[in-house]
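Subject: Structure handover

Hello,

Here is the structure for your files. My notes on what was found follow below it.

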Amino acid sequence: MPERAELGVMNAIIFSALIGVVMMLGGIVIKSNAGIKLLAIILLFILLGSHLAEYYDLFNIHIQTHGMLAKSRFGMFFNTIIISLTLLYVLLSGDEIVKVGTYGAEYFALIFFSLCGATILSSYNNLLMLFLGVEIMTIPLFVLTSSEKKNLKSNEAGLKYFLMGSFSTGILLMGIALYYGGTGLFAIEASKAANEAQQAFRILLPLGLLFIFISLSFKVSAAPFHFWTPDVYDGAPSVFTSFMATIVKTAGFIAFIKLFELRSVDMGYSWKILLPLIIILTLLAGNITAVFQQSVKRMLAYSSIAHAGFMLFALYNPNDFGKQGIMLYTVAYSLATIGTFAVLTKMKDYTYEGYNGLAKTKPVLAATNTIFILSLAGIPLTAGFFAKYYMLASALKESTSNLWLVIVAVLFAAVSVYYYFRVIQAMYFKDGNAETTEIKPFFKTLLIIIAALIIVIGLMPSLLLDLFYA
Amino acid sequence: MNQLVYLIPLLPLIGFLINGLLRKSLSKSVIAIIGSGVILASFVISLVLFFQVKSSGGQIINYFNLINLDKLVIPFAFQIDQLSSLFLLIITGIGFLIHLYSAAYMHEETNEHYGRYFAYLNLFVFSMLLLVMGANYVIMFFGWEGVGLCSYLLIGFWFKNDNYNYAAKKAFIMNRIGDLGFLLAVFWMIAKIGTVNYTDVFAATSNFSSADITAITILLFIGAMGKSAQIPLYTWLPDAMAGPTPVSALIHAATMVTAGIYMITRSNILYSLSEVTQHLVAIVGLATALFAATIAIKQNDIKKVLAYSTVSQLGYMFLGLGVGAYTGAVFHVMTHAFFKALLFLGAGSVIHAMHHEQDMRKMGGLKKYLPITHITFLVGCIAISGIPPFSGFFSKDEILAAAYAKNPIYWGIGVATAALTAFYMFRLYATTFLGNFRGSHEQAHHLHESPSAMTIPLIVLAALSVVGGFFNVPEVLGGHSSLHQFLSPAITSEVVHEASHSTEYMLMGISVAVAVIAIVIAINKFSKKPELQDAQGFAKVLENKWYVDELYDNIIVKPLNSLGSFFKNIIERRGIDGMVNGVGKLVNYSARQLRLLQSGLVGGYILFMVLAIIVLIYVWINDNHILSFFYKYF
């Protein structure tokens, strides 16, 4: 919708920041965990409602952003998805969130602030907004990662995340500075006149893009900038890992794809080497290292790296197929990951052995978890299959000479089956007495709903994609 | 009436569903009434349809498109004409009698198995009806596969006996070999002319090259070899006798095994265009007829004799098809259905009385214990031996006369086979019904005539065996060849042979005389002194069925098995497993090495990242060199 390019996606950004503040203040008044959780759910419904009101042109706050933010169908749809996913996440894991420490309300507030950053990333039109979005999204995560104050691992993970995050932020800023030097602009939609004016420093533009590319690779944990991921995901309280691995990660990809959509031409030939190089390294680091893990949580951390490798395929065709694909992937991957992490948080033992015999003690958990795992592995009839399909197809649409890369990716997907199915094997085929904390019927119902959604999207991905075009 | 045509196959299907799904809750009498009732209803509709076709000709009824691809349209349509309406009568008529008979014969089974039995039987009738009613080769193939499945299910009906399961598997696999031929023929047609409808295919024969026609007809004939038990695919039929006796009567004598004859008759326009295939069909048929007859002479199991006799008679029918006597073949299908169903059901009655004893050497003298069975069985024996005026005489004569016109050698072998047929049938008859009883005292004590549900079908079939021939009395004997005239619209390539009346009289005289001599010898030889001891010398070869099963075992099954174990033990274990495990080991090894990069030290991580950035910048600077390097070598 170019005629409204000046207007940002204001409702989602403003309301997500607002509800964060309300949540923080609410924490002073409300002391009971159940009350805090209820408030968080209500606030999220308000956020979703206000966003949908804008989506359907019922009500929105107009703010002149002078081209800093741009409203697009793509961004709006993505916001709908991540807000809904956050709602689902809070419904499913709200109890675990308040149990992490003594500051339940603050955890929710931080999640909402992080969500605010994600909504900025889906609508930025200017590199300064990109920077702001990335920082607003990640700084709350540093806190959330180390929120288990008495756990050394959690503290260590938070500090590591912060140190390495600062490093990558530095690179991002350097990239933006070079970009500015090359074009004289911060806007990603550069005008022709500005380009010509800076002809002498043209070399700085692609170099700046390269640095931004590297920094965003860090944010989405693409190799070889993925080293923080296993340590942080493993050290953070599981319930926050789930949030980081899904909503935050996919928002990073949206930022990536928006930049690539407009600027991949300026990278010249080099992205034809860099992109496959990074994809292969990411698939390798994620899939191969996951094989040897003993802890399911750590395995899922590596698997999220592997999935980043698949999502990078969308950059091959950022206009059309890749966009649809990244939507589908966001939904498929996030649903399955939120689900399987929700099961993980209920387990007393995070190793594979801890899952032994779960099918006998908790058949519903085992069955739904199986569907999540199958979707992560990309088995047909689950959403994960079509998500992967769209990713690989977007590479082939760009050029059939990418076939070799697609074959490599499929082989790595085959490797992933090995470590994913170990969970199913443990649940169904090994004797043991898997112990879980208390499971509420509402939790089970939600798991079944998520599993059903995965199957429905797996059977008819067009249901979701049609919404995108509706 | 046309509005009701779909009911003919639909009713047995409904019967199948009811009996199959509710078999545990329905009582035996309800199961029997539903199972037989639906067939009776189909028979009544078929009968009305038959007379309608007789008076006003056939037609094609289209229901919907089964497959609708770009250019290939395969409709779900029925072709109701003279040929199919005649088969409908045979299938539903004899089918009903056998259902009725089964109601008593299977009464010892538990409710559940009783229901399962009738469900299978109804499903069989449904498939068989689909086979003959379809208006294209694909619908026929559906029925073709359906009857094969039911045959498998019913042969292995008593599935707790492993040997029966092997017999069922053997039947299924042999049939599958044939089915492959059928399928290839259908694909060939689709590839060449893009249609499988009978009318379109027969109208488009000019679009085929003669090689196409020969290939298609031979492939179809391979299908027929499997289904109709011809050399070399006949060995499943004798083993199929493992199933309940009424099943042998219905499926393995009267109906399913004649599907091959139906198919070739249906395709008579194609077959008449290929001289090569016609010779092949005639020779295979004749060889099967003679070969199976020789085996039947030395069998001691009452059902095995009848099974080889069926193979032999099917060979006769193929001889008829091969020499262009399509009507003769169909006529023989009809009369054979009468007397062979009768003989099987009679054998079933004997087995029932003897408490599941099938060895003839332990029978003898049953004449006085089973009077109705005895008389009807004798009628069947006379009919199959070709003694006038019983039905077998007319149908056999028509085939033999056509064979003589084509080649006197065919006729000579045919007559020899007829003599053998008369001989082994009366050997069976004499050993079973004449002489003294040789069974145990307990068996003697329990000998009794079967209940009327079993004897009524016997009497009806016996009557049909007597008069069945009069439907098609040749002109030389003062008839009008009525069947000939009736079928002529459906069979357009009938070879009409002109022979003088005196020649025909001579041919008939010789075949009847030979048969009578064989009967007299057999009765004299076996009524007093039945063969009780094990066979010696050449007789032993015959008793062991020319060792064909052993031959197949050695040249096909064993080599296949050893090839299989070679692949399993060498290629799979060493090669494929080695590769697969090798990949697994490689992944595991690299996982262990890659894991070391994840040291947990932030300094190390940042060092890696800086190195990676330097490498990426290097790549970025030298992108053209690297790309040209790749394009050069990949």
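Buried area here is the accessible area (1.4 Å probe) that two parts lose on being put together, summed over both. This is a predicted model: local features need pLDDT of at least 70, side-chain atom pairs count only at pLDDT 80 or more, and totals for chains, interfaces and linings use all residues. Residues are numbered from 1 along each chain as its sequence is written, chains are lettered from A and ligands numbered from 1 in the order in which they are written, and side-chain values use heavy atoms, with hydrogens and water left out.

The interface comes first. Chain A and chain B bury about 2900 Å² between them, and carbon and sulfur atoms give 84% of that. In chain A, A:F227, A:I273 and A:F292 lose the most area to chain B, together 24% of what that side buries. Contact (heavy atoms within 4.5 Å) links 37 residues of chain A with 26 residues of chain B.

Next, the polar side. On the side of chain A that touches chain B, 29 residues are nonpolar, four polar and four charged (Ala, Val, Leu, Ile, Met, Phe, Trp, Tyr, Cys and Pro count as nonpolar, Asp, Glu, Lys and Arg as charged, the others, Gly among them, as polar).

One residue to look at is A:T368. At 5% relative accessibility, A:T368 counts as buried (under 20% relative accessible area, 1.4 Å probe, protein chains only). A:T368 touches A:L447, A:I448 and A:A451, not counting residues up to four places away in sequence.

Best wishes

Key:
Buried means under 20% relative accessible area, exposed over 50%, partly exposed in between (1.4 Å probe, protein chains only).
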